[in-house]
Amino acid sequence: MEIAEILKLRQNANGLNKLMNMHVITLDKDGGATVEVELTDELLNPLGMAHGGFVYSMCDIAAGVVVSQYAGKFVTLSGNLYFMRPGKGKKLRCEARIIKRGRTVNVVDTCVFDDSGAVTAKGTFEIYIME
């Protein structure tokens, strides 16, 4: 499948992507992807910042988008996320890039940015290729 087809498929994904109103913005052949979401009240914690579980899910989805260009079926083996500062503003953007592409395991770095371009979280995800 061509990158443009994969991007369109991911942009039209249902499930959690749709529930969180998450949008796949870019997917490139060099192993990168960008996902964006508008922060709504439903995605905030009681302190008024992006909920940590939501931010983790955003990174996990971005990592999966990157791997989708190489694999048909895959699952997340593990993920580690460091919160650098509160996720605030109108939108959050997650950029994901493959740092190790293996036969069965891919390692993906993720970085979340707020409206000002400040890094709010960084993570690493291991994705297991099932086929």
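**Briefing: fold, core and salt bridges**

The protein has three helices and six strands, where helices (H or I, at least four residues) and strands (E, at least two) are DSSP runs numbered from the N terminus. Along the sequence the pattern is α-α-β-β-α-β-β-β-β. This is a predicted model, in which local features need pLDDT of at least 70, side-chain atom pairs count only at pLDDT 80 or more, and totals for chains, interfaces and linings use all residues. Residues are numbered from 1 along each chain as its sequence is written, and side-chain values use heavy atoms, with hydrogens and water left out.

**Burial and contacts**

- Of the 131 residues, 40% are buried (under 20% relative accessible area; exposed is over 50% and partly exposed is in between, with a 1.4 Å probe and protein chains only).
- Among contacts (heavy atoms within 4.5 Å) with a separation of 6 or more, 60% join residues 24 or more positions apart.

**Nonpolar core**

- A nonpolar core is a set of buried Ala, Val, Leu, Ile, Met, Phe, Trp, Tyr and Cys residues joined through side-chain atoms within 4.5 Å.
- The largest such core has 33 residues, of which Met 22, Phe 54, Val 55, Val 67 and Leu 92 touch the most other members.
- Two or more residues each come from β1 (22–28), β2 (32–38), α3 (52–67), β3, β4 (91–101), β5 (105–113) and β6 (119–129).
- Helix α3 gives the most to this core, ten residues.
- Leaving aside residues up to four places away in sequence, Val 55 touches Ala 50, Leu 81, Phe 83, Leu 92, Val 112 and Ala 121.
- The buried residues of α3 include Phe 54, Val 55, Met 58 and Ile 61.

**Salt bridges**

- There are three salt bridges, each a side-chain nitrogen of Lys or Arg within 4 Å of a carboxyl oxygen of Asp or Glu.
- Arg 97 pairs with Asp 28, with the closest N and O atoms 3.6 Å apart; Arg 97 is in strand β4 and Asp 28 in strand β1, 69 residues apart.
- Arg 97 is partly exposed at 40% relative accessible area, and Asp 28 is partly exposed at 26%.
- Lys 91 pairs with Glu 36, with the closest N and O atoms 3.5 Å apart; Lys 91 lies in strand β4 and Glu 36 in strand β2, so the pair ties together parts 55 residues apart in sequence.
- Glu 95 pairs with Arg 93, with the closest N and O atoms 3.0 Å apart.
- Glu 95 is partly exposed at 33% relative accessible area, and Arg 93 is partly exposed at 24%.
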